[in-house]
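Have the sequence and the 3D view at hand.

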Amino acid sequence: ESRPALFIKSACVASCARALLPAGGATTGRVERLAPEFDSLVAPGSEMELLAEGFDWSEGPVWIRKNRELLFSDVPVNKVYRWTEKDGLSVALNPSGYSGQALKFREQGSNGLTSDRGERLLLCQHGNRQIARLEADGSFTPLAEHYQGRRFNSPNDLCLASNGNIYFTDPPYGLEGLNQSPLKELMFNGVYLRRPCGEVVLVSRKLEFPNGIALSPDEKTLYVNQSDPKAATITAFSVLPDGTVGEGRLFFDATPRVAGNKGLPDGLKVDERGNLWTSGPGGILVISPKGKLLGALNTGEATANCAWGNDGRTLYITADSKLLRIRTQTRGANWPH
C-alpha cells in the first residue's frame with residue numbers, strides 16, 4: 001500500500017496532552033446565506049459536521065489525495081494530525097515546527113501546510129522559522145530560511161503555483177512579543193516568493209500582519225489576508241510574468257464584521273469558479289471574484305483555515321479547538337478531475 005511521505009513518530013491519540021474527542025457526526029454552527037448565488041455553492045439544508053475537537057489551535061489543513069487523508073497542524077503543541085474516514089484521528093508528526101528543546105516561542109509548531117506535485121508535505125515552521133519539506137525518513141529539508149542573510153520571523157501560510165513557485169507570508173505570530181521580540185531579525189513582516197531554483201524574493205512589505213495566501217485559478221492574482229482587527233482586509237495583487245506582484249488593491253474589508261464576531265482574516269482558499277473561502281470574523285466567509293460577500297459558514301469559533309478534500313467538494317475547516325467539514329457544490333481551484 002502507498003504510504004504518505006511522512007515519518008510517523010506517534011499514532012496514539014491517547015498520548016496527547018489534551019483529550020481529543022471524535023465527534024460522531026454531530027452538526028455544529030450555522031450556514032448564513034447572504035446572497036442568492038450562495039445556493040449554487042452550498043446546497044440549501046447543508047450543515048457543518050463536527051469531526052473531532054480538543055485541539056489548542058487547529059490550522060493549515062491539506063488533503064493528501066493518494067492516501068485519502070487530511071493533515072492539519074495544532075500550532076501551539078507542535079504537532080500535525082491525520083484524519084481519515086476509516087481510522088479517524090492520529091498524530092502524524094511530532095514535532096512539526098520546532099526541532100529544538102528551548103520553548104522560547106509564542107507558538108512553535110507548524111502552521112500552514114500544502115503539498116508539492118509529488119504530494120510531499122510542505123510546512124510553514126514557526127519554531128524553526130523556515131519553509132520546509134518533509135522527507136520520507138522524517139527529516140526536514142529547508143526550502144527558505146533567510147532573506148538577505150536574516151532569519152524569517154515565523155512563516156505562517158503558503159501556496160504553490162503550477163510552475164513550482166512558492167508564495168508565503170511571514171508575520172511575527174510565532175515569536176514571543178511579536179514585533180517586539182528580541183529574536184526578530186527582519187524589521188518588517190513580508191510576503192515572499194521562493195523560486196524553484198531556491199531564490200527568495202520579497203514581493204510585498206505593505207501589510208502589517210500578512211497571513212493567509214492563495215492564488216486565483218488562472219494564477220494571475222495573489223490574495224493575501226491581513227489579521228489586524230483595525231484593518232481586517234484581503235489584498236489582491238496582480239502576478240507579473242516574473243512571478244513578482246504589483247502594488248496590490250483592497251479586495252475585501254472585513255473590519256466592520258470584527259465587532260460581535262469571533263476571528264479575523266487568517267487562512268484562505270479559492271474554488272474553481274474564483275470564489276474566495278476565507279476565515280474571518282464569523283467563520284468562513286465566501287466572497288465572489290468581484291468582492292461580494294455571498295455567505296458565511298459560521299462555526300461559532302475563531303476560525304483558522306479550510307481546504308477541500310475527498311472528491312474536491314468536501315470542505316474541511318479548522319476552527320480553534322475543532323475540525324469540521326461541509327459538502328459544497330464547487331471544487332477547489334485546479335482540483336484534478
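Strands here are DSSP runs of E with at least two residues, and helices are runs of H or I with at least four, numbered from the N terminus. Two strands pair if DSSP finds at least two bridges between them. The model is predicted, so to speak of local features we need pLDDT of at least 70, and side-chain atom pairs count only at pLDDT 80 or more, while totals for chains, interfaces and linings use all residues. Residues are numbered from 1 along each chain as its sequence is written, and side-chain values use heavy atoms, leaving out hydrogens and water.

Now look for an open sheet of four strands, in the order β19-β20-β21-β22, with antiparallel pairing. At its edges stand β19 (210–215) and β22 (249–253); each has a single partner strand, so one side of each is left without a neighbour in the sheet. Within the sheet, β20 (residues 221–226) and β21 (residues 233–238) run antiparallel and are joined by five bridges. Thr-221 stands opposite Ser-238 in β21.

Stepping back, the chain has zero helices and 29 strands. Its C-alpha atoms fill a box of roughly 50 × 45 × 40 Å along the principal axes. Buried residues, meaning those under 20% relative accessible area (1.4 Å probe, protein chains only), make up 61% of the 337 residues. Taking contacts as heavy atoms within 4.5 Å, 52% of those between residues at least 6 apart in sequence join residues at least 24 apart.

How values were computed. Buried means under 20% relative accessible area, exposed over 50%, partly exposed in between (1.4 Å probe, protein chains only).
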